[in-house]
Amino acid sequence: LLVVQLKLKMSRRGPQEPPHLPALPVIGSLLSLRSPHPPHVHFKELQQKYGQTYSLMMGSHSVIIVNQHTHAKEVLLKKGKTFAGRPRTVTTDILTRDGKDIAFGDYSATWRFHRKIVHGALCMFGEGSASIEKIICAEAQSLCAVLSEAAAAGLALDLSPELTRAVTNVVCSLCFNSTYCRGDPEFEGMLHYSQGIVDTVAKDSLVDIFPWLQIFPNANLHLLKQCVSVRDKLLQKKYDEHKADYSDHVQRDLLDALVRAKRSAENNNTAEISAESVGLSEDHLLMTVGDIFGAGVETTTTVLKWAITYLIHYPQVQRCIQEELDSKVGGDRSPQLSDRGSLPYLEATIREVLRIRPVAPLLIPHVALSDTSIGDFAVRKGTRVIINLWSLHHDEREWRNPELFDPGRFLNSEGTGLTIPSPSYLPFGAGLRVCLGEALAKMELFLFLSWILQRFTLSVPPGHSLPSLEGKFGVVLQPVKYKVHAMPRPGWDRNKCQHLFEMNCLS
Ligand code: HEM
């Protein structure tokens, strides 16, 4: 009776504030956030004291941390529109000309319109379309050629720049219909500024918590501004080239799709969608393309690097994938997207990599656009909500032995088909703000890994220790640098690789 009375009393009082970390004026909860661990790991640990959903203060901003899937899905799906906002921060404002992009843009008609155009353009190249497959296969071929050359010379390679070039070229083809060769100065410049942005944007940045710190000289902000200005010059050049040779009849890439949408909105005086009402300014177009680069390169490259790191740690998983490839694809042709259904072990391995090392372990922060609630907790308008994907993917109640790398958990009991064994799995987020490049990223992961593993066995060079599985946390969670020895599998010499590529992909 006492419990019922208590519950009734609580329900009459309405939703409660979530448990909160101690907070001081000005600095907020900063003192409780000091930890030798990266934020996603520390936020998971704090559950023991504060429960699965709790709040804290980042400077003057109220932030709720969600560590479990029911609340995460309430935020992303059930109340997706209410939580579709994004916070404005000093560094992301510099990167996106005050949020005129998709990833950091606040929820608005302009944002919805841009997202729709980009989604449409990506679908144009999407699954079922031969062009994206050709683009990715050409890059996979060039990557495998570099591995073959290194193997022939008896060299071990840091794969990081090679994977970055391959993934950047896929995104360049989609956005600008152009690719780069190794060593191209424009491409090297692009790699340089991308790294500068990754190193400085939203990275534990104190100016994002205390914006007034911008008045003091700040080396990080200076570097970010320099890198953004190099990026903007390149984007402007591509945009000007596209405007100059634009044709209404051909849509070569994403930039053409955006230019077309802008022109048709400008010419359409009667429609409720006019260029001004949806904000199709030049800034918006440039920032949207910049966003696809920002979101599309580092993430996919990092997942590939984690996959390779785990395959080196678990040679038996590598062998199982190779056996599957040998029996389902064979040695007379290269893997294609249509093989995905018959390579469940490879697909399960990709899922497990995305689970155990989510590249965006805290997603991108969401913001409540009105007063609302999460479970029994009241949430005020403007509160930032961080979904801790790390906690969801390492939740002991949802995953047996979550720290163990085990692709088999994503296979059915016969090992012949794929499953998702827990609702606590959201590597690309969900709902209105779900990753825009999910389909593209999955195609890239499948094709790059299947091509590499069909041809090579990966290991560290003799005498080298295995790479760390801890990773370092920046905008994304990355593995550390190390060298890989790619040993050609029996029968896979350089000539055969080139011959197969010409037969299968260039035809
Ligand atoms: C394996 C690779 C990738 C992973 C794991 C990944 C994951 C994510 C995650 C977790 C989010 C945040 C969702 C949220 O805040 O709720 C996101 C957002 C986003 N991703 Fe990806 N992503 C990947 C690749 C890509 C690619 C290739 C592209 C572009 C072609 C892309 C474009 C975007 C964009 C534009 C957003 C912002 C969406 C919005 O705010 O509306 N991503 N991604």
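In the predicted model considered here, helices α13 and α17 (438–455) each contribute at least two residues to the shell around the ligand, helices being DSSP runs of H or I with at least four residues, numbered from the N terminus. The greatest contribution to this shell comes from α13, which provides seven residues. Of the 23 residues around the ligand, those that come nearest are A295, G296, G429, C435 and G437, a residue being counted as near if its C-beta atom, placed from the backbone, lies within 6 Å of the molecule. By class, the shell comprises 15 nonpolar, five polar and three charged residues, where Ala, Val, Leu, Ile, Met, Phe, Trp, Tyr, Cys and Pro count as nonpolar, Asp, Glu, Lys and Arg as charged, and the others, Gly among them, as polar.

Residues are numbered from 1 along each chain as its sequence is written. Local features need pLDDT of at least 70 and side-chain atom pairs count only at pLDDT 80 or more, whereas totals for chains, interfaces and linings use all residues.

V198, located in helix α8 (residues 185–200), counts as partly exposed because it has 19 C-beta neighbours inside 10 Å, the class between buried (20 or more other C-beta atoms within 10 Å, placed from the backbone) and exposed (12 or fewer).
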